[in-house]
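Good morning. I will go through one structure today, chain by chain, and keep to what can be read from the coordinates. Please have the sequence open as well.

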Amino acid sequence: MSTTRVIDKAEARRRRREARVQYLRDSFVLWRRNHLMVVGTAILVFLLLVAAFAPLIATHDPYAQTLADRLQPPSMQHFFGTDSLGRDIYSRVIYGSRVTLAIAFLVAVISTPLGMAIGVVSGYFGRATDEILMRLSDIFLAFPKLILAIAFAAALGPGVENAIVAIAVANWPSYARLARAETLAVRNNDYIQVIRSMGASNLRIMVGHITPMCLSSIIVRLSLDMGTIILTAAGLGFLGLGAQPPMPEWGLMVSDGRQFLVDQWWVSTLPGVAILIVVMGFNLVGDGIRDILDPHQRQS
Amino acid sequence: MFQYLLRRTVTLVITLLGIMVVTFFISLVIPVDPLASIAGPQAPQETVERLRELYGFDQPVYVQFGRYMNRLFHGDLGTSFQTGRPVLDDILHYFPATIELATVALVISILVGIPLGVLSAVYRNSSIDHFSRILSLIGVSMPVFWLGLVLLLIFYFKLGWFPEPGRLDIMLIEPPRVTGILLIDSLLARDLEVFWDALKHMALPAAVLGLYGLAGIARIVRSSMLDVLSAEYIKTARIKGLNEFLVLTRHALRNALIPAVTVIGLTYGGLLEGSVLTETIFAWPGLGRYLATAFLTLDLNAVVGGTMLVALTYCLVNLAVDLVYAFLNPKITLAEE
Amino acid sequence: MTTVNTEPLLRVEDLKVRFYTLRGVVHALERVRFTLNRQETLGLAGETGCGKSVTARSVLRLIDPPGRIISGRILFEGRDLLTLDEATMRTIRGSQISMIMQEPKMSLNPVIRVGDQIAETLLIHERSLNRRTARARAVDMLAQLGIPDPARVARRYPHELSGGMAQRVMIAMMLVTRPKLLIADEPTSALDVTIQAQILELMKKLVREIETSVLMITHDLGVMAETCDRVAVMYAGEMVETGPVRSVLKNPQHPYTRGLLQTVPDKANPEHPLYSIRGNVPSLLQPPTGCRFAPRCEYAMQRCHEELPPYYHLEGDHQCACFLHAEKAEVARP
């Protein structure tokens with residue numbers, strides 16, 4: 001009278017595939033339902049397109065100075081007006097998107113692997129290594145991020161490359177902490193013990209098995225951090241510690257327009273709007289990614 | 001409790017030492033030759049050499065470090081190149097202004113942020129929820145320096161509702177300095193005119209910082225309340241027949257605020273950061289502006305001293321947050337760390 | 001001399017509850033009906049997901065969106081609870097009808113001392129009480145529940161208590177106002193077996209003293225046999241059989257109940273293979289037409305797949321919703 005039967009391999013495979021499809025479908029439904037995230041994604045896609053097609057979209061050369069036309073208000077010729085050196089602000093904002101994307105990308109590419117590596121090593125080997133690495137990251141974390149970035153940027157000298165390094169240095173500790181926490185949770189899993197008993201080297205385990213498990217929370221964290229990274233970069237630009245003239249970096253542009261704020265408001269205001277929109281886009285997407293990857297949300 | 005404090009203090013001291021080391025090395029890396037600034041561009045080589053000896057820049061790194069630590073322990077943070085005064089005096093002079101601004105901003109953030117977060121959670125997906133979430137989103141996405149400029153443009157230059165950047169009207173005299181915090185000092189001296197003027201000057205910069213803080217707090221309160229509201233014990237409270245308001249305040253909020261406390265602490269740190277930019281724009285004579293100028297002019301001693309103080313404050317705030325958190329949450333006994 | 005009131009305390013008629021979720025409409029409860037008499041313990045039995053908890057929450061009118069009570073009547077002492085306004089309902093909750101739940105530690109507010117939580121129930125419903133008296137009565141209640149040093153325990157926080165202690169606190173909290181009806185939703189499922197027996201004993205004792213009726217929800221047939229006077233069996237949102245506990249357990253009339261009882265391992269014959277009812281519980285998103293058990297039923301007839309069987313009245317207050325009885329029995333009036 002038994003009603004159970006053994007599931008054969010083909011059946012198992014079919015069920016796994018069904019589960020995966022269901023997961024993707026659920027993710028899509030969540031993405032679609034989350035209107036804000038759709039908006040955020042749209043903004044980011046727009047940003048990418050603008051950056052990619054900048055030469056086509058811009059109306060002028062972002063570096064071209066026409067002193068005769070300085071501080072002109074927005075018009076058909078100059079959509080966003082001109083700045084103190086007669087440069088077209090619209091074109092500079094467009095090209096600035098490339099700068100912003102580059103900075104964000106490079107900071108992420110530097111700080112995330114660095115942080116993950118340190119975190120995983122720290123969590124995996126434990127004891128002395130862990131203590132040292134974590135004390136180190138604590139020291140970095142003792143400074144508010146912006147201050148640390150400013151400090152390093154000042155120390156390394158002005159310039160966009162130094163700013164990128166500075167921000168990356170200020171950022172890696174959070175990823176290290178996160179990766180370490182995940183590693184600690186996973187390190188004693190049966191799964192890992194099995195692989196270790198099969199003779200896998202520590203390196204292989206860390207890179208091949210533990211790191212992938214950290215990925216989803218790191219991705220969530222990174223996407224939530226992107227906005228802050230861009231704001232920090234803009235802040236450095238504003239203070240004169242990041243991108244240097246004549247680079248069309250948005251923070252720098254806001255700073256340029258400061259002295260003309262009363263009568264020529266467009267010089268400072270419009271680049272700032274660009275920053276606002278882009279950071280909003282990243283934040284929306286970050287929130288959305290967190291919602292999708294967070295198991296709680298999926299159940300509702 | 002005592003053991004915990006002891007342990008935390010030890011960690012704090014180690015971290016502080018680490019901070020000092022890091023800032024020292026930062027100052028080493030700073031490429032500009034500080035001596036050139038003191039001596040002036042015309043100075044002959046021998047003057048520079050003698051200055052070098054005097055300041056000990058010719059010694060190997062570890063000796064310099066030793067001297068540096070030694071001076072630190074004697075409370076000597078060196079002299080600022082820009083102001084010519086001892087750095088310690090400078091930062092003690094400017095620090096209260098920043099504390100004043102940051103604290104007022106924090107109060108605004110809390111008073112507006114918490115109710116907003118609660119309403120957002122209770123009336124989920126309603127228009128107030130949408131409004132609050134969009135406001136929070138904008139608040140965290142906005143560059144602080146840009147908002148400052150925009151508010152200045154609109155409310156000072158165009159509308160004239162608020163006074164010029166600065167802490168106090170030029171014509172007014174500051175009250176005798178007790179705490180360094182104008183709002184308090186003026187009340188102590190019963191100088192209401194100064195009090196009001198200081199308040200008006202503080203409005204815009206506090207609003208800028210406050211919006212940023214508010215955004216973070218509203219978000220965490222919302223998410224925390226949502227978590228709490230789905231908990232079993234909330235159902236129990238309803239089963240008991242408790243009215244909804246008390247369910248929210250007595251049961252839900254008390255639990256939801258616990259994680260919010262941590263964020264409030266972090267927010268205070270964020271306000272300290274933001275003050276660097278905000279004070280620059282509003283000509284606020286605080287530590288933020290001092291630090292920003294120090295970084296730009298590569299005023300070594302000021303950089304080191306100022307950064308250390310900020311880091312120290314941040315550490316203390318975090319420690320306070322942890323203590324408050326442990327106090328509020330009976331599940332955490334400080335012994336089990 | 002107390003006059004025994006023979007009117008049933010609680011009568012649920014044709015309760016229909018649906019949940020409108022992302023994936024579709026879940027038909028959680030379909031024409032559920034049962035009665036609970038005074039000073040009686042009615043067991044609500046069935047597997048996980050069959051709608052027992054939803055039924056319990058419906059009685060308290062605590063079904064939150066996306067769930068909705070579509071139709072039916074819930075008559076408590078003659079009053080239809082579904083027609084009352086929220087304020088009146090709140091006066092009933094906690095004082096006339098109470099509920100204890102499965103996870104006692106999660107059901108207590110972690111930042112408030114347990115004594116105060118018990119006292120709260122009193123303070124909500126007895127306005128004239130002051131804090132001190134309420135606290136004292138809370139301590140008394142804890143003593144009645146057999147807790148040693150009750151004053152000390154009252155000052156504890158929930159996480160400092162064991163599972164059994166926490167459940168006693170819950171019981172104290174819900175019985176301190178001497179409600180007429182206590183709903184117990186799997187009160188012992190989360191506890192160790194030894195503690196289970198203790199708690200059940202305690203509950204029986206108190207219930208007798210306070211003269212409360214109990215709606216005991218459980219999936220454990222043993223608990224049911226121990227504590228209940230009558231039993232109602234549910235399957236996939238439907239009530240399939242009700243009757244006195246002895247009667248239903250010894251002489252189950254519905255094929256589902258029979259199957260359920262057969263799954264209990266037979267200690268006398270340990271080598272017998274374990275029985276399980278073939279097939280799976282239907283998805284409540286697309287419930288089958290007709291009898292919901294029909295797809296799995298050995299005795300299913302064509303009719304069973306097409307229409308919902310009515311409740312048939314069998315002898316001895318035994319009711320069963322199954323066409324097998326169509327010939328012999330008459331349809332029970334609601």
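Predicted model: local features only at pLDDT ≥ 70, side-chain atom pairs only at ≥ 80, totals over all residues.

Let me begin with contacts in chain C: among those between residues at least 6 apart in sequence, 62% join residues at least 24 apart.

Chain C has 11 helices and 13 strands. Its radius of gyration is 21 Å, close to the 20 Å that the globule rule gives for 334 residues, so chain C is as compact as a globular protein of that length. The C-alpha atoms of chain C fill a box of roughly 65 × 50 × 50 Å along the principal axes. Of the 334 residues of chain C, 45% count as buried.

Now to a sheet in this chain. In what order do the 4 strands of the open sheet in chain C come? The order is β2-β1-β4-β5, and the pairing is antiparallel. Strands β2 (24–36) and β5 (79–80) of chain C stand at the edges with a single partner strand each, so one side of each has no neighbour in the sheet. Further in, β1 (residues 10–21) and β4 (residues 67–76) of chain C pair in the antiparallel sense over 8 bridges. On that pair, C:V17 stands opposite C:I69 in β4(C). Helix α1 (residues 52–59) of chain C lies across β1, β2 and β4 of chain C, and runs at about 70 degrees to β2(C).

The next strand to look at is β8 of chain C, residues 213–218. Is it buried or exposed? 6 of its 6 residues are buried, so β8(C) is largely enclosed by the rest of the structure. In a regular strand the side chains alternate between the two faces of the sheet. Here C:S213, C:L215 and C:I217 point one way from β8(C), while C:V214, C:M216 and C:T218 point the other way.

Which strands pair with β8(C)? One is β3 (residues 41–45) of chain C, in the parallel sense over 5 bridges. Within that pairing, C:G43 has C:M216 as its bridge partner. Another is β7 (residues 181–185) of chain C, also parallel over 5 bridges. There, C:L181 has C:S213 as its bridge partner. From β7(C) the chain crosses through helix α7 (residues 193–210) of chain C to β8(C), and this β-α-β crossover is right-handed.

Now chain A. It has 12 helices and 0 strands. The radius of gyration of chain A is 24 Å, well over the 19 Å that the globule rule gives for 300 residues, so chain A is more spread out than a compact globule. Its C-alpha atoms fill a box of roughly 90 × 50 × 30 Å along the principal axes. Buried residues make up 42% of the 300 residues in chain A.

With 14 other C-beta atoms within 10 Å, A:P246 is partly exposed. Its C-alpha atom is separated by 42 Å from that of A:V207, 39 residues apart along the chain.

Last, the contact between chains B and A. 38 residues of chain B are in contact with 37 residues of chain A. Several helices of chain B each supply at least two residues of the side that touches chain A, among them α1 (2–29), α11 (244–281) and α13 (300–328). The residues on that side of chain B divide into 31 nonpolar, 6 polar and 1 charged.

Notes. Residues numbered from 1 in each chain as written. Chains lettered and ligands numbered in written order. Buried ≥ 20, exposed ≤ 12 C-beta atoms within 10 Å, placed from the backbone. Pairing = 2+ DSSP bridges. Right-handed = clockwise from strand over helix to strand, strands pointing away. Rg over C-alpha atoms; globule rule 2.2 N^0.38 Å. Contact = placed C-beta atoms within 7 Å. Axes fitted to C-alpha atoms, helices over the stretch in contact; angles between N-to-C directions. Nonpolar A, V, L, I, M, F, W, Y, C, P; charged D, E, K, R; others polar.
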